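Please look over the sequence and the fold before reading on.

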Amino acid sequence: MASNSRLSRADSKESVLSLTSCVSGIGNWQVGDRARIDHRSGTVAYVGPTKFAPGEWIGLVLDEPLGKNDGSVQGYRYFTCNPEHGLFCKSSKLDRILLSPSRFKSPTPGDGEPLSPYAAEYGFDLGERVVVSGGKQGVVRFIGETEFAQGVWAGIELEQPLGKNDGSVQGKRYFTCKSPYGVFVPASKTQKAPSQTPGKMK
């Protein structure tokens, strides 16, 4: 964690702005998309610039332990997964298998494997709609440990501009959304939103 803190503090305002401006749907890739590289397949968990190499990268959580990391490289964490399940590559090396369910609707419980290793423990997954304090609702874009506080946090893109950020905190980006739609809430205080019929959705 000490090395992570040094990396964060080393970021100037200009470099943070540069990172923020670069984060977008590279090649129209989004977190939650299913992809294949060579004989390996996995789920996109990160899209954006990195500190280990120039340019823009896609971070994958592979289905099998055929990767190189756990979502962190050189002491800097971009996402969280089991050891040897994480892999970073250029978008040009990937073939798309399936679009993220969050592009269309909230995932239906039981549809395939969970996208996050924390899904079973906390009862919600990436791309699903949740409710936080004050009745605010949004879509989960990040679940995992952070550098700004201990514990497991849920990064949520709210439906209304009632958040505190754009998915980044103290110069570290965890997901991407418009400001101030982003908010971080302890995963233990986040609840999955009740199902809504199309006629009742706002």
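Predicted model: local features only at pLDDT ≥ 70, side-chain atom pairs only at ≥ 80, totals over all residues.

Residues are numbered from 1 along each chain as its sequence is written, and side-chain values use heavy atoms, with hydrogens and water left out.

Reader: Which strands stand at the edges of the open sheet of five strands?
Author: Strands (E, at least two residues) and helices (H or I, at least four) are DSSP runs numbered from the N terminus, and two strands pair if DSSP finds at least two bridges between them. The order is β13-β10-β9-β8-β14, with antiparallel pairing.

Reader: Which residue in β14 stands opposite Val131?
Author: Strand β8 (residues 129-131) runs antiparallel to β14, joined by two bridges. Opposite Val131 stands Gln191.

Reader: How far apart in sequence are the parts tied together by Lys192 and Glu128?
Author: These two form a salt bridge (a side-chain nitrogen of Lys or Arg within 4 Å of a carboxyl oxygen of Asp or Glu), with the closest N and O atoms 3.2 Å apart. Lys192 lies in β14 and Glu128 in the loop between α3 (119-122) and β8, so the separation is 64 residues.

Reader: Is Arg129 buried or exposed?
Author: Buried means under 20% relative accessible area, exposed over 50%, and partly exposed in between (1.4 Å probe, protein chains only). Arg129 has a relative accessible area of 14%, so Arg129 is buried.
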